[in-house]
Amino acid sequence: MRKRATTRPGRAMTASPTIEATHGEEPQGAAPAPVQLGRLGETIAYNLRLAQNASFQAFSALTGDLGLRPGWYALLQLIGDNPGVSQTGLSLATSRDKSTLTPLLGELERRRLIRREPDPLDRRGRRISLTEEGRAKLALLADCAARHDARLNAMFAPEQQRQLVSLLKTLTESLTTDTPSPDPGADEE
């Protein structure tokens, strides 16, 4: 089980001791040494990723054995709210490119949760809508999402919630419109 990184006054940010990454062999039964996060512990990107992972894990705990991944909820909700949405429209709404969205839609279609039909106005296009089974799964997931959002909202005062959402929207808009080209001199991972 992963826990969020913690900061103690006067100390560098470290990963929680429950994160099982260590600096060598630990004696039998000894708690693993915490991983020093160093610069990562103070970066927006790393903390955003930790928050996303924690949120997905908490949401997954609520969905239990529904057999759906947390990321599918947003797709089903958008399709349910926009019956007949085009794949291009869905791609824009989720910030997913066609190469990542198409396999997800294929999986949802194989599970009989969505239906893709030819677009009568564009021979190459497809219109996506929920099936009856998809609407039923969405209702279950929407209940889980409401409980998850209530838990998240309880962590912040209303003004903090608005500020956090506003900051996240600013981050998303800035990164999607101002994406710099890769630095040719940068090391690749």
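Q: What does Ser 60 count as at 30% relative accessibility?
A: Ser 60 counts as partly exposed at that value, since buried means under 20% relative accessible area, exposed over 50%, and partly exposed in between (1.4 Å probe, protein chains only). This is a predicted model, in which local features need pLDDT of at least 70 and side-chain atom pairs pLDDT 80 or more, while totals for chains, interfaces and linings use all residues. Residues are numbered from 1 along each chain as its sequence is written, and side-chain values use heavy atoms, with hydrogens and water left out.

Q: Where is Ser 60 found?
A: Ser 60 is in helix 1; helices (H or I, at least four residues) and strands (E, at least two) are DSSP runs, numbered from the N terminus. Its C-alpha is separated by 9.8 Å from that of Gly 71, a residue 11 positions away along the chain.

Q: At what angle do helix 1 and helix 2 pack?
A: Two packed helices are described by the angle between their axes and the distance between the axes. Here helix 1 and helix 2 pack at about 80 degrees, with axes 8 Å apart. The axes are lines fitted to C-alpha atoms over the stretch in contact, and angles run from 0 to 180 degrees between N-to-C directions. Helix 1 and helix 2 are therefore roughly perpendicular (65 to 115 degrees; under 35 is roughly parallel, over 145 roughly antiparallel, the rest oblique).

Q: Which residues make the contact?
A: Helix 1 supplies Phe 56, Phe 59 and Ser 60, and helix 2 supplies Pro 70, Gly 71 and Tyr 73; contact means heavy atoms within 4.5 Å.

Q: How many aromatic pairs does a search of the whole structure find?
A: A pair of aromatic rings is described by the distance of the centres and the angle of the planes. The search finds 1 pair. The ring centres of Phe 59 and Tyr 73 are 5.9 Å apart and the planes stand at 45 degrees, so the pair is tilted (centres within 6.5 Å; under 30 degrees stacked, over 60 edge-to-face, the rest tilted). Phe 59 belongs to helix 1 (residues 44-63) and Tyr 73 to helix 2 (residues 70-81), so the pair ties together parts 14 residues apart in sequence. Phe 59 is buried, at 6% relative accessible area.

Q: Which residues are buried in helix 4?
A: They are Leu 101, Leu 104, Leu 105, Gly 106 and Leu 108. Their cover includes helix 2, helix 3 (87-94), strand 2 (114-119) and strand 3 (122-130). After helix 4 comes Arg 112, with a positive phi near 60 degrees.

Terms used:
Phe/Tyr/Trp six-rings, centres within 6.5 Å; stacked < 30°, edge-to-face > 60°.
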